[in-house]
Amino acid sequence: MINALAGKISDSELEVMKVLWQAKDAIPVTDIREALQKSRGWEATTVKTLVSRLVSKGVVKQEKRNVFYYSPLISEREYNSWATRDLIEKLYSGSARDLVAALVHSDSLTQEDIAELRDMFRVEE
């Protein structure tokens with residue numbers, strides 16, 4: 001299960017996690033830095049700080065080879081599941097039904113989206 005600290009992952013730290021999830025295997029900080037320099041324009045010191053924070057929070061593993069390599073200790077799916085539950089709890093007092101109702105009434109969903117959701121919720125007898 002997800003470490004309780006995972007919920008404290010900032011938006012910037014989440015960008016680092018996305019790089020790690022895409023990598024599939026442990027990667028050195030230089031690879032993380034290169035990816036985030038291209039997509040975000042972040043300096044090496046910023047990336048190193050973010051990676052260090054994630055290691056401290058227990059969501060990223062650091063292993064020494066010729067240089068340090070990093071890998072996620074939680075999957076993207078686990079994080080997304082936790083973040084969704086957290087969102088529902090914070091914004092909708094734990095009611096997933098209220099979240100879905102808000103989506104349906106917000107013009108965020110197309111008719112095709114609504115039809116797909118209807119099919120997902122259809123219970124076979």
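Colleague: Leaving aside its neighbours within four places in sequence, which residues is Glu15 in contact with?

Modeller: Please bear in mind that this is a predicted model. Beyond its neighbours within four places in sequence, Glu15 is in contact with Leu36, Arg40 and Trp42. Glu15 itself is found in helix 1.

Colleague: Is Glu15 buried or exposed?

Modeller: The relative accessible area of Glu15 is 17%. Buried means under 20%, so Glu15 counts as buried.

Colleague: How many of the residues in the protein chain are buried, as a percentage?

Modeller: Of the 125 residues in the protein chain, 27% are buried.

Colleague: Which residues of helix 1 and helix 3 meet?

Modeller: Helix 1 contributes Ser12, Glu13, Val16 and Met17, and these meet Leu50, Val51, Arg53 and Leu54 of helix 3. By class, this contact has five nonpolar, two charged and one polar residues.

Colleague: What is the general idea behind a nonpolar core, and how many residues does the largest one have here?

Modeller: In soluble globular proteins, nonpolar side chains tend to be buried together. In this model, the largest nonpolar core has 22 residues, and those with the most contacts inside it are Ile9, Val16, Met17, Leu20 and Ile32. Helix 1, helix 2 (29-40), helix 3 and helix 4 (76-92) each give two or more residues to this core. The largest share, six residues, comes from helix 1.

Colleague: What does Ile9 touch, not counting residues up to four places away in sequence?

Modeller: Ile9 touches Leu14, Met17, Leu54, Lys57, Val59, Ile74 and Tyr79.

Colleague: Finally, what can be said of the overall dimensions of the protein chain?

Modeller: Its C-alpha atoms fill a box of roughly 60 × 30 × 30 Å along the principal axes. The radius of gyration is 18 Å, whereas a compact globule of 125 residues would have one near 14 Å. Among contacts with a separation of 6 or more, 53% join residues 24 or more positions apart.

Key:
Residues are numbered from 1 along each chain as its sequence is written. This is a predicted model: local features need pLDDT of at least 70, side-chain atom pairs count only at pLDDT 80 or more; totals for chains, interfaces and linings use all residues. Side-chain values use heavy atoms; hydrogens and water are left out. Contact means heavy atoms within 4.5 Å. Helices (H or I, at least four residues) and strands (E, at least two) are DSSP runs, numbered from the N terminus. Ala, Val, Leu, Ile, Met, Phe, Trp, Tyr, Cys and Pro count as nonpolar, Asp, Glu, Lys and Arg as charged, and the others, Gly among them, as polar. A nonpolar core is a set of buried Ala, Val, Leu, Ile, Met, Phe, Trp, Tyr and Cys residues joined through side-chain atoms within 4.5 Å. Buried means under 20% relative accessible area, exposed over 50%, partly exposed in between (1.4 Å probe, protein chains only). The radius of gyration is taken over C-alpha atoms; the globule rule is 2.2 Å times the number of residues to the power 0.38.
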